[in-house]
Amino acid sequence: MKLGIIGAGNMGSSILKGVTASNFLENKNIAIFDLNKVKIEELSKEYGVKKAENENELANKSDILIVSVKPNIVPKVLDKIKDDLSEKTIVLSIAAGISIDFIENIIGTDKKVIRTMPNTPAQVMEGMTAVSFNQNIQENEKTMIFKLLNSFGKSIEIDEKLMHAYTGISGSLPAYVYVFIEALADGGVLEGMPRDKAYEIIAQTVLGSAKMMLETKKHPGVLKDEVTSPGGTTIAALKVLEDGKFRGTVMEAVKACTEKSKEMAGE
Ligand SMILES: NC(=O)C1=CN([C@@H]2O[C@H](COP(=O)(O)OP(=O)(O)OC[C@H]3O[C@@H](n4cnc5c(N)ncnc54)[C@H](O)[C@@H]3O)[C@@H](O)[C@H]2O)C=CC1
Ligand SMILES: O=C(O)[C@@H]1CCC=N1
């Protein structure tokens, strides 16, 4: 199977790193193209993948073609490659707000189109990717796509209508977590912790807390109560978060992200 990646930026290169780390397929069966030649040179050297001369070459030779350019660039790329796509080529978009219909309107409703929403932890094979398929994808192809997405983390098929909300709770979520971690570290520094130690401590604690949810399957409220001793330190901190409308603010952030995704889709 030949995998092509058009756009090796933050997300495209994260997928490349995850896929190559997982040995899902041989690196010689992966080809990348980006307008940034320096980036392509570096990535092809570092990961032993092929460099395509242009988008058309990738469209011609790939069984699965990942389009990982910015949403506003997607139409230009699709228009450029549409005549190079065979009916069996699977076009897999990761672009926020770009619908399957939008893609089919450019390359044709006879093509195989997949819409996904990954996230950058794909880089360390801990990604979480939502996927929606158009009606031309066969069951065996779905199985192959899930294998590809699961090579750099986990994946879930969702109704395409939920992709906007999904972006708010997963695609963009790593950035909210990093802001939370940064603020926690500032708090540690405020209380005399060395910053570099604070980052390491907090990142491991966030990782462990997330792993607790995934492995115990307990409700986050139950896990929170297991930490919160009566009259103890934790409830003192939680009261400040509640007084600061932490939950409501986080919900508003998800809403803003969802709305922006809809706006980008012209909805
Ligand atoms: N960054 C993230 O965490 C996530 C990004 N996405 C989506 O991934 C897509 C890419 O986002 P980023 O990687 O963050 O952007 P980026 O700006 O880091 O990467 C985009 C890359 O596309 C290249 N490019 C531009 N025009 C091109 C063309 N005609 N042919 C080939 N390459 C071209 C640029 O040189 C750049 O390296 C966007 O649609 C975004 O919505 C989806 C999920 C998460
Ligand atoms: O911020 C963005 O638009 C992209 C899509 C999800 C994460 N990053």
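Among residues, Ala, Val, Leu, Ile, Met, Phe, Trp, Tyr, Cys and Pro count here as nonpolar, Asp, Glu, Lys and Arg as charged, and the others, Gly among them, as polar. This is a predicted model in which local features need pLDDT of at least 70 and side-chain atom pairs count only at pLDDT 80 or more, while totals for chains, interfaces and linings use all residues. Residues are numbered from 1 along each chain as its sequence is written, chains are lettered from A and ligands numbered from 1 in the order in which they are written, and side-chain values use heavy atoms, with hydrogens and water left out.

**Overall architecture**

- The protein has 12 helices and eight strands; helices (H or I, at least four residues) and strands (E, at least two) are DSSP runs, numbered from the N terminus.
- Its C-alpha trace spans about 65 × 40 × 30 Å along the principal axes.
- Of the 267 residues in the protein, 40% are buried; buried means under 20% relative accessible area, exposed over 50%, and partly exposed in between (1.4 Å probe, protein chains only).
- Among contacts (heavy atoms within 4.5 Å) with a separation of 6 or more, 62% join residues 24 or more positions apart.

**The annotated N-terminal domain**

- An unreviewed UniProt entry annotates residues 2-97 as "domain: Pyrroline-5-carboxylate reductase catalytic N-terminal"; UniProt positions are given in the numbering used here, feature names are shortened, and annotations may be inferred rather than shown by experiment.
- Residues 2-97 are 41% helix and 19% strand, and the end C-alpha atoms of the span lie 27 Å apart.

**The second largest pocket**

- A pocket is defined on a 1 Å grid over the protein atoms alone, as an open set of points where a 1.4 Å probe fits, with protein on both sides within 12 Å along at least five of seven lines; lining residues have an atom within 4 Å of a point.
- The second largest pocket has a volume of about 950 Å³, where a volume is the space filled by probe spheres set on the points, and grid points are joined across faces, edges and corners.
- Its lining has 37 residues, of which M11, S68, V69, K70 and P71 lie nearest the centre of the pocket.
- This lining divides into 19 nonpolar, 11 polar and seven charged residues.
- At least two lining residues come from each of α1 (10-22), α4 (74-81), α7 (163-171), α8 (173-190) and α12 (246-264), and α12 supplies the largest share, four residues.

**The annotated binding site**

- Under "binding site", the unreviewed UniProt entry lists I6, G7, A8, G9, N10 and M11.
- The lining of the second largest pocket includes I6, G7, A8, G9, N10 and M11.
- N10 is found in helix α1 and counts as exposed because its relative accessibility is 65%.
- M11 also lies in helix α1, but is buried, with a relative accessible area of 16%.
- Not counting residues up to four places away in sequence, M11 touches I94, P118, N119, T120 and A122.

**Nonpolar cores**

- A nonpolar core is a set of buried Ala, Val, Leu, Ile, Met, Phe, Trp, Tyr and Cys residues joined through side-chain atoms within 4.5 Å.
- The largest nonpolar core has 28 residues, of which L3, L16, V19, L92, I114 and I145 touch the most other members.
- Two or more residues of this core come from each of β1 (3-6), α1, β2 (30-33), α2 (37-47), β4 (64-67), β5 (90-93), β7 (127-133) and α6 (139-150), and α1 gives the most, with four residues.
- Apart from this core lies another, of 21 residues, among them L65, V74, I81 and A95.
- Leaving aside neighbours within four places in sequence, L92 is in contact with I64, L65, I66, V67, I114, T116, I145 and L148.

**Individual residues**

- N23, in the loop between α1 and β2, has a phi near 55°, a positive value in a residue other than glycine, and is exposed, with a relative accessible area of 60%.
- K245, in the loop between α11 (233-243) and α12, has a positive phi of about 55° although it is not a glycine, and is exposed, with a relative accessible area of 59%.
- Most residues other than glycine have a negative phi.
- M212 is found in helix α9 (residues 195-216) and counts as partly exposed, at 38% relative accessibility.
- Leaving aside neighbours within four places in sequence, M212 is in contact with K217, L223 and E226; the C-alpha atoms of M212 and L223, 11 residues apart along the chain, are separated by 8.1 Å.
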